[in-house]
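Please keep the structure open while you go through them.

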Amino acid sequence: TGNPPYYLYRQGNSTTCLSPAGMLNRMGPDLTTGYVETCADSQCLDCKFNILICKKCDTSKGYYHDPASDTCISTSNMPKGYGAILSSVPAQGLVAGDVGTCRMANCDYCAKDVTVCTGCSDAKDLFLSIAPQIACIPVTSIPAGFGGDRNTGRVAPCSQKECKLCQ
């Protein structure tokens with residue numbers, strides 16, 4: 001205890017006192033025992049104030065910090081509508097290494113980068129178009145000669161060349 005608080009750190013047969021500032025990555029205090037332990041989340045890099053509360057995750061392994069739960073989420077397990085923030089934009093409240101909402105309207109899939117939509121809202125029957133710009137568009141806005149591919153969720157050329165309306 002104290003200001004800053006100190007916690008017991010066991011290393012081999014010796015014990016020393018550490019403040020959060022003196023703790024290594026992946027280590028923090030177990031507030032129930034008062035000892036320094038490894039972070040509860042194996043992908044957490046910063047739990048210096050509580051082993052149960054993660055503030056920074058191992059992005060080199062594809063894990064990002066979820067500010068809502070203070071846990072690490074893999075891009076392969078990202079919830080629908082969320083993705084990894086790769087670059088900080090303070091004016092928009094974006095912090096690199098965090099999880100954030102997909103930045104494009106109607107985008108539900110952006111797990112690896114919040115600025116890159118890879119799939120549109122399933123519930124709204126939208127398709128990802130890449131021309132003339134990347135956007136989630138309704139089936140009624142798909143241009144002639146193209147249609148919505150329900151397997152990929154993308155706008156694709158009609159499978160029959162002579163078809164002009166394959167939406």
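1. Rings of Phe, Tyr and Trp (its six-membered ring) pair if their centres lie within 6.5 Å, with planes under 30 degrees apart counted as stacked, over 60 as edge-to-face and the rest as tilted. By that rule, the structure holds 0 aromatic pairs.

2. A word on the source: this is a predicted model, in which local features need pLDDT of at least 70 and side-chain atom pairs count only at pLDDT 80 or more, while totals for chains, interfaces and linings use all residues. Residues are numbered from 1 along each chain as its sequence is written, and side-chain values use heavy atoms, leaving out hydrogens and water.

3. How many salt bridges are there? Taking a salt bridge as a side-chain nitrogen of Lys or Arg within 4 Å of a carboxyl oxygen of Asp or Glu, the count comes to 5. One of them joins Asp58 to Arg26, at 2.8 Å from N to O. Asp58 sits in the loop between β6 (56-57) and β7 (63-66), and Arg26 in the loop between β2 (14-18) and β3 (27-30), so this pair ties together parts that are 32 residues apart in sequence. (Strands are DSSP runs of E, at least two residues, numbered from the N terminus.)

4. Are the two partners buried or exposed? Buried means under 20% relative accessible area, exposed over 50%, and partly exposed in between (1.4 Å probe, protein chains only). Asp58 is buried at 7%, whereas Arg26 is partly exposed at 28%.

5. Another salt bridge brings together the side chains of Asp70 and Lys55, at 3.1 Å from N to O. This pair links distant parts of the chain, 15 residues apart: Asp70 is in the loop between β7 and β8 (71-74), and Lys55 in the loop between β5 (44-46) and β6. Asp70 counts as buried, at 16% relative accessibility, while Lys55 is partly exposed at 46%.

6. Lys80 and Asp108 also form a salt bridge, with their closest N and O atoms 3.9 Å apart. Lys80 lies in the loop between β8 and β9 (82-84) and Asp108 in strand β11 (residues 107-109), so the pair ties together parts 28 residues apart in sequence. Asp108 is buried, with a relative accessible area of 15%.

Notes: Helices (H or I, at least four residues) and strands (E, at least two) are DSSP runs, numbered from the N terminus.
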